[in-house]
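Me: Hi! I have a structure open and would like to talk it through with you. Could you start with the terms we need?

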Amino acid sequence: YNTFTADSFSNIRPAGNFIIDIRKRIIDPIKNFPDPLKNYASALLIGKVDQGFYDDNPAITKLNLIHLFSISGFQVTYLSTLLKKTNIRLRVPKQINDYLNISILPIFFFISGSPSSLLRPIIASETRLFTNRFNKLEVWSISLLAALIISPQVLFTLGGQLSFLLSFGLVIASRFNYFNQTIFMTILSLPILLNAKFTFHFLSILSNLLAIPLFSILIIPLIAASIVLRSIDFVPETVNSVLKILNYILETISSLPGEIVFGKLPNFLALLLIISVIGISSKKYRKRLIQVTSILLGGSFLFIHIPISGEFTMFDIGQGDSFLYRQPFNKTVNLIDTGGLVQFAEEKWRKKKYSQNQIDSITLSYLHANGISKIDNLVLTHKDTDHIGNVKYLLPHIKVQNILIPNGMESTKTFREEIRPFVNQKTKILSVDIHSTLYFPFQILNPRTEGKAENEDSIALFFKAGKTNIFTAGDLGKKGEMEILTTFPKMKIDLLKVGHHGSKTSNDSRFVQQSTPKYAFISAGRNNHYGHPNQQTIKTLNRYHVKLFNTQINGMTKLTYNFMQTSFKTYLHENQ
């Protein structure tokens with residue numbers, strides 16, 4: 001990881017490339033700008049967006065302003081208009097201006113990093129410059145065909161989908177005024193954005209109404225000026241101050257009420273909605289299609305938020321534990337542990353400036369895709385980092401009603417430093433053990449007494465997913481497993497969450513034999529240095545004919561159940 005070994009090198013020489021040299025000459029000065037000017041200039045002028053840009057500026061994503069920061073027709077139109085007006089001032093003939101545009105636009109495409117979202121506007125502009133025989137719809141069609149020839153997978157990218165869909169929307173809604181056109185374009189892009197981002201903020205319509213002219217008239221000219229006049233210190237500093245004010249305004253707007261976690265639209269439904277919205281541009285069927293669109297959106301929302309099926313899902317979060325137990329109709333949503341990366345000392349060159357945490361990339365994405373914006377019970381089985389290390393990333397971004405911890409954990413240093421500072425005032429912290437009398441959708445079988453949140457103090461749970469009995473107990477050892485069987489000798493398990501990631505210190509053969517599980521979930525990182533799952537544990541489970549689902553092999557695994565049937569589904573991610 002991050003290393004390679006080479007036996008020898010030969011024919012080493014500088015790779016001269018005119019386009020790359022120009023791109024580098026633009027990037028190098030930008031690197032010295034302060035934030036956020038550096039990120040804005042890099043994203044808007046050359047299409048280079050740092051990995052942490054959207055993490056540092058979440059309002060841009062919340063208000064659906066991402067399209068402004070991906071090089072697209074917006075920048076191409078601006079460049080062409082700027083070139084045209086400059087040439088008019090210099091009294092350059094129209095024909096020469098057209099030739100300059102024809103030459104400069106492809107260069108701009110490569111300097112911008114050749115993004116798929118630029119294919120359509122570049123091809124469309126080149127077509128219009130070569131001939132005026134085609135109308136807008138024909139130019140759009142030509143650009144689509146040409147883009148598919150150059151890049152056959154362009155419509156499988158979010159940038160490509162938005163570029164072609166919104167440009168088509170502009171063609172058919174050209175007779176609308178600016179206000180109606182912006183609303184139409186926002187609704188038209190909504191199915192694709194919900195399919196990819198799962199959330200929607202009602203104030204995004206207002207934000208786009210204001211942001212598009214603001215960026216055209218003010219932001220891009222100021223950024224361009226800061227590059228040209230970068231040797232004059234107060235120019236970049238002033239522009240940076242303006243952008244800070246803009247970020248503050250966007251953050252304030254995005255924090256206002258109006259954001260909903262809609263969920264992921266199925267592909268076929270997103271396509272139906274797009275067709276329905278396109279039809280709204282026609283007066284003939286407008287009222288009826290508005291009703292159809294509203295019914296489709298409302299029905300989709302209800303279908304996602306009130307599912308008839310429940311689930312028990314094992315997240316593929318590497319070396320750690322994180323499980324979702326959700327009852328049908330979302331009666332309760334319960335998350336058992338959050339996972340967390342154990343940090344080891346690293347050399348400076350190996351440390352990444354930005355790295356997306358597992359909560360953002362896996363857990364929250366899955367919850368939001370399923371329309372989940374609130375967790376009823378967050379169970380933290382014990383204090384190990386690979387079980388609770390991601391709590392600090394989860395709590396600021398989703399409502400949690402109750403946090404369940406093993407009795408005694410509240411007095412530990414881990415709780416005071418890793419959990420308490422991130423807990424909302426409305427969230428209840430409940431210390432539980434086998435004697436707890438509060439109602440939960442599961443039975444607590446461990447711990448028996450107050451402890452220090454060590455492995456032997458892990459919270460053990462028993463619950464039903466339809467007709468499937470499930471048992472999970474964090475990193476509880478063999479002694480604890482047998483004590484549970486002594487207390488509950490008739491306990492039968494259908495699905496066992498294998499203890500301690502398959503370690504030989506857990507999963508006693510007598511426990512497996514007596515509880516008779518049919519299936520087992522093992523959550524462990526690939527090639528982990530602990531050697532989990534231990535071969536002794538695998539042999540024990542195989543001896544009693546337990547079918548294994550292992551994140552190392554199967555990836556994320558989900559048991560789905562309803563009143564009729566139970567089924568398993570795995571999601572293998574080779575690159576994780």
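Reply: Happy to. Axes are lines fitted to C-alpha atoms, for helices over the stretch in contact, and angles run from 0 to 180 degrees between N-to-C directions. Helices (H or I, at least four residues) and strands (E, at least two) are DSSP runs, numbered from the N terminus. This is a predicted model, where local features need pLDDT of at least 70, side-chain atom pairs count only at pLDDT 80 or more, and totals for chains, interfaces and linings use all residues. Residues are numbered from 1 along each chain as its sequence is written, and side-chain values use heavy atoms, with hydrogens and water left out.

Me: Thanks! At what angle do α10 and α13 pack?

Reply: The angle is about 175°, and the axes of α10 (residues 178–197) and α13 are 9 Å apart. The two helices are therefore roughly antiparallel to each other (angles under 35 degrees count as roughly parallel, over 145 as roughly antiparallel, 65 to 115 as roughly perpendicular and the rest as oblique).

Me: Which residues meet there?

Reply: From α10 there are F184, I187, L188, P191, I192 and N195, and from α13 there are N267, A270, L273, I274, V277 and I278. Contact means heavy atoms within 4.5 Å. By class, this contact of α10 with α13 has 10 nonpolar, two polar and no charged residues. For the classes, Ala, Val, Leu, Ile, Met, Phe, Trp, Tyr, Cys and Pro count as nonpolar, Asp, Glu, Lys and Arg as charged, and the others, Gly among them, as polar.

Me: Let's stay with I278. What does I278 touch?

Reply: Not counting residues up to four places away in sequence, I278 touches F168, I172, F184 and L188. F168 is 110 residues from I278 in sequence, and their C-alpha atoms are 9.2 Å apart in space.

Me: And why does I278 count as partly exposed?

Reply: Because its relative accessibility is 23%. Buried means under 20% relative accessible area, exposed over 50%, and partly exposed in between (1.4 Å probe, protein chains only).

Me: New topic: how much space lies in the second largest pocket?

Reply: About 1,300 Å³. Of the 46 residues that line this pocket, R120, L166, S167, L170 and M185 are the closest to its centre. Elements that give two or more residues to the lining include α9 (158–172), α10 and α11 (204–228). By class, the lining has 20 nonpolar, 22 polar and four charged residues.

Me: How many cavities of 30 Å³ or more are there?

Reply: A search of the whole structure finds one. The largest cavity holds about 40 Å³ of space, and its lining includes F471, E481, K497 and F511. As for the terms, on a 1 Å grid over the protein atoms alone, a cavity is a set of points where a 1.4 Å probe fits but cannot get out, and a pocket is an open set with protein on both sides within 12 Å along at least five of seven lines; lining residues have an atom within 4 Å of a point. Grid points are joined across faces, edges and corners, and a volume is the space filled by probe spheres set on the points.
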